[in-house]
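Reader: I would like to examine one part of this model closely, with each term given its cut-offs as it comes up.

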Amino acid sequence: MGERKGSILLTGGAGFVGSHLAEALLRADFPLNIVDHLDPFYPTEWKQANLEDLKKAGKFQLHVADIVDYDSVREAFAAMPPEVVIHLAARAGVRPSIEQPRLYEQINIVGTLNVLELCREFKVQRLIFGSSSSVYGLAPAPFSEEQLDLRPVSPYAATKLAGEIMCATWSRLYQMAVVVLRFFTVYGPRQRPDLAIHKFTGMIERGAPIPFYGDGSTGRDYTYVDDTVAGILRALSYVSRREPDGGFCEIFNLGNSKPVKLSELVEAMEEATGRKATRDLLPAQPGDVPLTWADISKAERVLGYKPAISLEDGLRRFVHWYRSVNPERRA
């Protein structure tokens, strides 16, 4: 990771994956400028706590700005012109996107357009874009970056795919080196409370029934956040070493490549918490896909990416963190 220590602008740096990445960048002595809206979709007080934790890792600039507000984000670019932009800020979530598609379009498409245009204006030649496995949708698994038959089934997925296409377009138009990273069901400390592992842990701890959608056969490629961050850092090294050479856009899957059924996840969580779960059986949800499964051979070959944290170990780590920040948990 010693190739370049130029300044980095990180959008979404106070959130779940972003704060873990920011911590790693600070410990590696990168000059860091964080742009985050502190949107309450991820509780604001949690983001403030994440930022306090980051202060222990090093000094950084923070710009509280909405990526939809071009002028506000421009101020962040001007304050510390970046050598690399890592764009993670987004409105995530499949089911909420069905209820609020216009909001998702604004943040994920217009916001990404603003970041790209600011990269053009400030002559930033290197960009990493955080995308999602949801772009594959109903495509056959395992999912490979070479697949062209992408079948997104939610507005969220559609907006992330649109972001990928815009990144590829700007890379060609303005000779940018772009890496698109498709994240697969990231979990770990600081995870948003609406996501399955966090939500299920809280319900199991309280003795409340967990929502169990479908017959339990849906599978997800759960990836521990430390592995995802390691992949982003390897992508940063890769994009920093390469010259744009007229512009290129590379896509990589960052998953665990070991899909886990919902029924298996709940059993593993029972083991991690030491408590039995009560299942509230519910019908399958619109926008859900039956399986996510990353083919990570390209990331392994090109980036040297190799996930190291098993689901069992990751869940134990998560439960330990959950209990540390929720001391009032049921005894």
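Reader: Where does Asp 29 lie? After that, please take me slowly through helix H6 (155-174) and its surroundings.

Author: Asp 29 lies in the loop between helix H1 (16-27) and strand E2 (32-36), where helices (H or I, at least four residues) and strands (E, at least two) are DSSP runs numbered from the N terminus. Its phi is near 70°, a positive value in a residue other than glycine. The model is predicted, so that local features need pLDDT of at least 70 and side-chain atom pairs pLDDT 80 or more, whereas totals for chains, interfaces and linings use all residues. Residues are numbered from 1 along each chain as its sequence is written, and side-chain values use heavy atoms, without hydrogens or water.

Turning to H6 itself, its axis and that of helix H5 (101-121) come within 9 Å and cross at roughly 15°, the axes being lines fitted to C-alpha atoms over the stretch in contact, with angles from 0 to 180 degrees between N-to-C directions. H5 is therefore roughly parallel to H6 (an angle under 35 degrees). The crossing of H5 past H6 is right-handed (the near helix is turned clockwise from the far one by less than a right angle). In this contact (heavy atoms within 4.5 Å), H5 takes part through residues including Pro 101, Tyr 104, Ile 109, Leu 113, Leu 116 and Arg 120, while the residues of H6 include Pro 155, Tyr 156, Lys 160, Met 166, Trp 170 and Tyr 174. By class, the contact residues are twelve nonpolar, four polar and four charged (Ala, Val, Leu, Ile, Met, Phe, Trp, Tyr, Cys and Pro count as nonpolar, Asp, Glu, Lys and Arg as charged, and the others, Gly among them, as polar).

A pocket here is an open set of points on a 1 Å grid, for a 1.4 Å probe, with protein on both sides within 12 Å along at least five of seven lines, and lining residues have an atom within 4 Å of a point. The second largest pocket holds about 220 Å³ of space, the volume being that filled by probe spheres set on the points. Among its 15 lining residues, Glu 164, Ile 165, Ala 168, Arg 182 and Ile 251 are the closest to its centre. Nine of the lining residues are nonpolar, two polar and four charged.

Conventions
Angles under 35 degrees count as roughly parallel, over 145 as roughly antiparallel, 65 to 115 as roughly perpendicular and the rest as oblique.
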